[in-house]
Amino acid sequence: MSQAAIYARYSSDLQRDASIEDQVRQCRARIEAEGWTLAGVYSDHATSGASNLRPGYQKLLEDARSGAFDVVLAEALDRLSRDLEATASLYKQLTFAGVRLVTLSEGEVSDLHVGLKGTMNQMYLKDLAQKTRRGLEGRVRQGRSGGGLCYGYDVLKQLDGNGEPMRGGRAINPVESATVRRIFADFAAGSSPRAIAHRLNQEGVPGPRGRAWSDTTIRGHHTRRTGILHNDLYRGRLIWNKQRYVKDPTTAKRLARPNPPETWIIEEVPDLRIIDDALWQQVEDRLAAIRQSPMVEKSRAHRYWEKRRPVHLLTGLVHCGDCGGRYAAVGRDYLACSAARRQGTCGNRTSIRRRDVEALILDALRANLMHPDAVAAFVAEYHAELNRLAAEDGFGRERDTRELEKTARQLDGLIEAIADGLRAPGLQRKLDDLEARKTELERLLAAPVPTPVRFHPNLPQLYAERIAELHTALADPATRTEAITIMREMIDQVVMHPIENGFEIELVGDLAQMVAVAQARDGKNAASVGKASRSVKVVAGARNQLYLLVFARDLPLVRAR
């Protein structure tokens, strides 16, 4: 009997949760009519079919690869995906896994369905985008917003003569507009965006979406016309189509691309003016002077944004112990709390050299993991993992053997019944399903049994060499990328707690777990390394993955018998 999984989805334009229930109900009826067994229901709510980064969809593919079912049933092919490439990829993956794809609209999906329906679904997406864009342009030409709400305005809920909602209406917010005028006046008077952000945050003035103010929120980007100081709506000009969005085929994320100014749609909206022409021009003149300054000109000529920035061991992982915010690069070699430097919402203004933090962590690892007890812990953990995998594999082969014997008996019974003249609806399909399952089980059982492994006789010495070579691996360009990638996977956070004349560094993640295991043998609570004013406070992570560090280099620690 076939195991069938149901997939249901409704897109954000439908905005109706009941659509999921309707799809599942109809698919259940089809499963009952076919005599299948329901293996599970997978769904995604308010999610576009143009994206495959959907939790339910990804779980469906994962379970299909693991053999959890042999049929996927959906209302229509466009419920699974509207992208032609993604539809073809889905069909290939399901076919490779031995899973049939069936929909209520198209029946059992074939190559022809994928080509024709996939093309039609993708054309629907393009047509929908064009119609949406046309509607937004019409709204903008009426002086109404094309989408989004910027700081300083409220949404107006209005109805037309037929009682239908009129979208895009905006009105000036008295409190926020006063803050906008203050920002323009302070900047024109010589204050920097960072200084303005600090003052607003100190006074408790909420920023856009209730967040803290930052210098980038105020300064924005000149070319893209973003940020408070570049927002043309504040001078009574509504500009639309400044940028377009394209999807990265690798990550499926939308990326903004600027449009040339001649394609912008510009409408005058004097009723939404917040800044007068004189103040606007003062700000524009100062912004232009900054852009034309020698330092900015030199930076722009260098085109630093096009150069790939190096990924360090702790990039994006260091957090402030006072406010919880991230540390950011300050200058070339230092790290500091970004909330303290850019927003003024944190009092931790102490910086630390990046390589000093890395050295402290590596020294703590090297000092604590060289002990023979650490090797014994590694051996025990590795043996336990090997035993678990061996037990799972043995159980799986035994189960598949029993199922193969049962399937063979069922096939023999059906063949004898057909030879005796038995004819019944669905008999041929049942025979085909059993034949396919038998073939799959024979393939699984024909795979070779994994070769037993044993530990290298010089394991303690090799282990010590790997730990001692941590600094070398991170410094060597040939191994740096691999070593950083492996170690970053074992670090969740590095929390910097400022203390008198230094920091206390809290390491959170699998590396911390490893150090904690090593420290437990000596009854230590923390590893003191480096200067007396700095220590490493170890916080154990959720998992113990000691072996990941050991396998960071080419020489294996196990070999086949």
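The legends below describe close-up views of a predicted model.

**Conventions and overall content.** Residue numbers start from 1 along each chain as its sequence is written, and side-chain values use heavy atoms, with hydrogens and water left out. Because the model is predicted, local features need pLDDT of at least 70 and side-chain atom pairs count only at pLDDT 80 or more, whereas totals for chains, interfaces and linings use all residues. The protein has 19 helices and 23 strands; these are DSSP runs numbered from the N terminus, with helices being H or I of at least four residues and strands E of at least two. Of its 561 residues, 36% count as buried, where buried means under 20% relative accessible area, exposed over 50%, and partly exposed in between (1.4 Å probe, protein chains only). The accessible surface of the protein comes to about 31,600 Å², and 52% of that belongs to carbon and sulfur atoms; areas come from the Shrake-Rupley method with a 1.4 Å probe, and for residues only the protein chains shown count as cover. Among contacts with a separation of 6 or more, 65% are between residues 24 or more positions apart, a contact being heavy atoms within 4.5 Å.

**View 1. The five-stranded sheet around β3.** The strand order in this open sheet is β2-β1-β3-β4-β5, with mixed pairing; two strands pair if DSSP finds at least two bridges between them. β2 (37–44) and β5 (107–108) are the edge strands, each with a single partner, so one side of each is left without a neighbour in the sheet. Strand β1 (residues 3–9) runs parallel to β3 and is joined to it by four bridges, with Y7 and A74 as bridge partners. Strand β4 (residues 100–103) also pairs with β3 in the parallel sense over four bridges, and here L73 is partnered by V102.

**View 2. The two faces of β3.** In a regular strand the side chains alternate between the two faces of the sheet. In strand β3 (residues 71–74), V71 and L73 point one way while V72 and A74 point the other way, and all are buried.

**View 3. S19 in helix α1.** S19 is found in helix α1 (residues 18–34). With a relative accessible area of 10%, S19 is buried. The C-alpha atoms of S19 and A8 lie 8.5 Å apart, and the two residues are eleven apart in sequence.

**View 4. Helix α9 and its N-terminal cap.** The end C-alpha atoms of helix α9 (residues 277–291) are 21 Å apart, which agrees with the 21 Å that its 15 residues should span at 1.5 Å a residue. The expected span is 1.5 Å times one less than the number of residues. D276 caps the N-terminal end, with a side-chain oxygen 3.2 Å from the backbone nitrogen of A278. L279, W280, V283, L287 and A288 are buried in α9, and the buried residues of this helix pack against α6 (174–188).

**View 5. The largest nonpolar core.** A nonpolar core is a set of buried Ala, Val, Leu, Ile, Met, Phe, Trp, Tyr and Cys residues joined through side-chain atoms within 4.5 Å. The largest one has 28 residues, of which I183, F184, W213, L229, Y234 and I275 touch the most other members. The elements giving two or more residues to this core are α6, α7 (193–202), β10 (237–240) and α9. Apart from it lies another core, of 23 residues, among them L314, V318, V494 and L507.

**View 6. The surroundings of H319.** H319 is found in strand β14 (residues 318–320) and is buried, with a relative accessible area of 11%. Its side chain reaches the backbone oxygen of G324 at 3.4 Å. Leaving aside residues up to four places away in sequence, H319 touches G324, G325, R326, Y327, Q493, V494, V495 and M496.

**View 7. The three-stranded sheet.** This open sheet has the order β15-β16-β17 with antiparallel pairing. β15 (327–330) and β17 (352–353) stand at the edges with a single partner strand each, so one side of each is left without a neighbour in the sheet. Strand β16 (residues 334–337) pairs with β17 over two bridges, and L335 stands opposite I352.

**View 8. Two arginines with positive phi.** R209 has a positive phi of about 60° although it is not a glycine, and R225 has one of about 55°. R209 sits in the loop between α7 and α8 (215–219) and counts as exposed at 77% relative accessibility. R225 is found in the loop between α8 and β10 and counts as buried at 12%.

How values were computed. A polar contact is a pair of N or O atoms within 3.5 Å; within protein, one must be able to donate a hydrogen and the other to accept it, and residues adjacent in sequence count only if both atoms are side-chain atoms.
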